[in-house]
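Subject: Structure for your files

Hello,

Here is the structure I said I would pass on. My notes on it follow below the sequence and coordinates.

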Amino acid sequence: MAESIAAIAAEHLRIWNSQPGPERTSAVAGTYASDAVVAESEATYRGRSGVEQAIDGLHAALPGMQLKLTGPIQTAQELTTYTWTLGPKGQPAVVTGRDALTIKDGAITAVYVFIDAPSEPAVN
């Protein structure tokens, strides 16, 4: 089961790094439940079209950025979590965070996105 969870998480990240078009739409349909939810701090998106809307929003806000898995995938029952970085390909990350996915019957039913707060400079 862990391998299939890892494969689902890898496909999720691949989809979020992909450009809009029929291939991405097909991948979303094969990876996310029809009533999937993407919950971010500022917005909630519903359904597969909502998943694509969330991805498009990320690409519009941060063009050319790529998500990369940075930590182990941890699973408890239907909840899966891991850390990620977001940055220009081949360069240091500009954003870090964690996703928490709920996966049921091999499909992602919810994505909760947590973005790390920027580090505060040390005070002397």
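Leaving aside residues up to four places away in sequence, Thr 31 touches Glu 11, Ile 15, Gly 106, Ala 107 and Ile 108. This is a predicted model, and everything below should be read with that in mind. Thr 31 belongs to helix α2, which covers residues 22-31. Is Thr 31 buried or exposed? Its relative accessible area is 7%, and the cut-off for buried is under 20%, so Thr 31 counts as buried.

Salt bridges

One of the residues that Thr 31 touches, Glu 11, also takes part in a salt bridge. How many salt bridges does the structure hold? There are 4, and three of them are described here.

Glu 11 pairs with Arg 14, and their closest N and O atoms are 2.8 Å apart. Both residues sit in helix α1 (residues 2-17), with a spacing of 3 residues, or about one turn of the helix. Glu 11 is partly exposed at 22% relative accessibility. Arg 14 is also partly exposed, with a relative accessible area of 35%.

Arg 14 has a further partner in Glu 23, where the closest N and O atoms are 3.8 Å apart. Glu 23 is exposed, and its relative accessible area is 61%.

The side chains of Arg 24 and Asp 56 form another salt bridge, at 2.6 Å from N to O. Arg 24 is in helix α2 and Asp 56 is in helix α3, so this pair ties together parts that are 32 residues apart in sequence. Which of these parts is buried and which is partly exposed? Arg 24 has a relative accessibility of 2% and counts as buried, whereas Asp 56 is partly exposed, with a relative accessible area of 34%. As for shared partners, salt bridges join Glu 11, Arg 14 and Glu 23 into one network.

Arg 48

Helix α3 spans residues 47-61 and includes Arg 48. What does the side chain of Arg 48 reach? It comes to 2.8 Å from the backbone oxygen of Tyr 32. Tyr 32 is also among the residues that Arg 48 touches, a list that otherwise holds Val 28, Ala 29, Ala 33 and Ser 34; residues up to four places away in sequence are not counted. Arg 48 is partly exposed, its relative accessible area being 31%. From Arg 48 to Leu 58 the separation is 10 residues in sequence and 16 Å in space, C-alpha to C-alpha.

The cavity

Leu 58 turns up again in the lining of the largest cavity. A search of the whole structure for cavities of 30 Å³ or more finds 1, and the largest cavity holds about 30 Å³ of space. Which residues line the largest cavity? They are Trp 16, Asn 17, Leu 58, His 59, Leu 62, Met 65, Leu 67 and Leu 86. By residue type, the lining has 6 nonpolar residues, 2 polar ones and no charged ones.

Two positive phi values

Two loop residues are worth a look when you go through the backbone. Gln 77 is not a glycine, yet its phi is positive, near 60°. Gln 77 lies in the loop between β4 (74-76) and β5 (79-88). With a relative accessibility of 77%, Gln 77 counts as exposed.

Asp 105 is the other case: its phi is positive at about 55°, although it is not a glycine. Where does Asp 105 lie? It is in the loop between β6 (95-104) and β7 (107-115). Asp 105 is exposed, with a relative accessible area of 77%.

Regards

Conventions:
Residues numbered from 1 in each chain as written. Predicted model: local features only at pLDDT ≥ 70, side-chain atom pairs only at ≥ 80, totals over all residues. Heavy atoms only, no water. Helix = DSSP H or I, 4+ residues; strand = E, 2+ residues; numbered from the N terminus. Buried < 20%, exposed > 50% of the residue type's maximum accessible area, 1.4 Å probe, protein only. Contact = heavy atoms within 4.5 Å. Polar contact = N/O pair within 3.5 Å; in protein donor to acceptor, adjacent residues only side chain to side chain. 1 Å grid on protein atoms, 1.4 Å probe; cavity = no way out; pocket = protein on both sides within 12 Å on 5 of 7 lines; lining within 4 Å. Points joined across faces, edges and corners; volume = space filled by probe spheres on them. Nonpolar A, V, L, I, M, F, W, Y, C, P; charged D, E, K, R; others polar.
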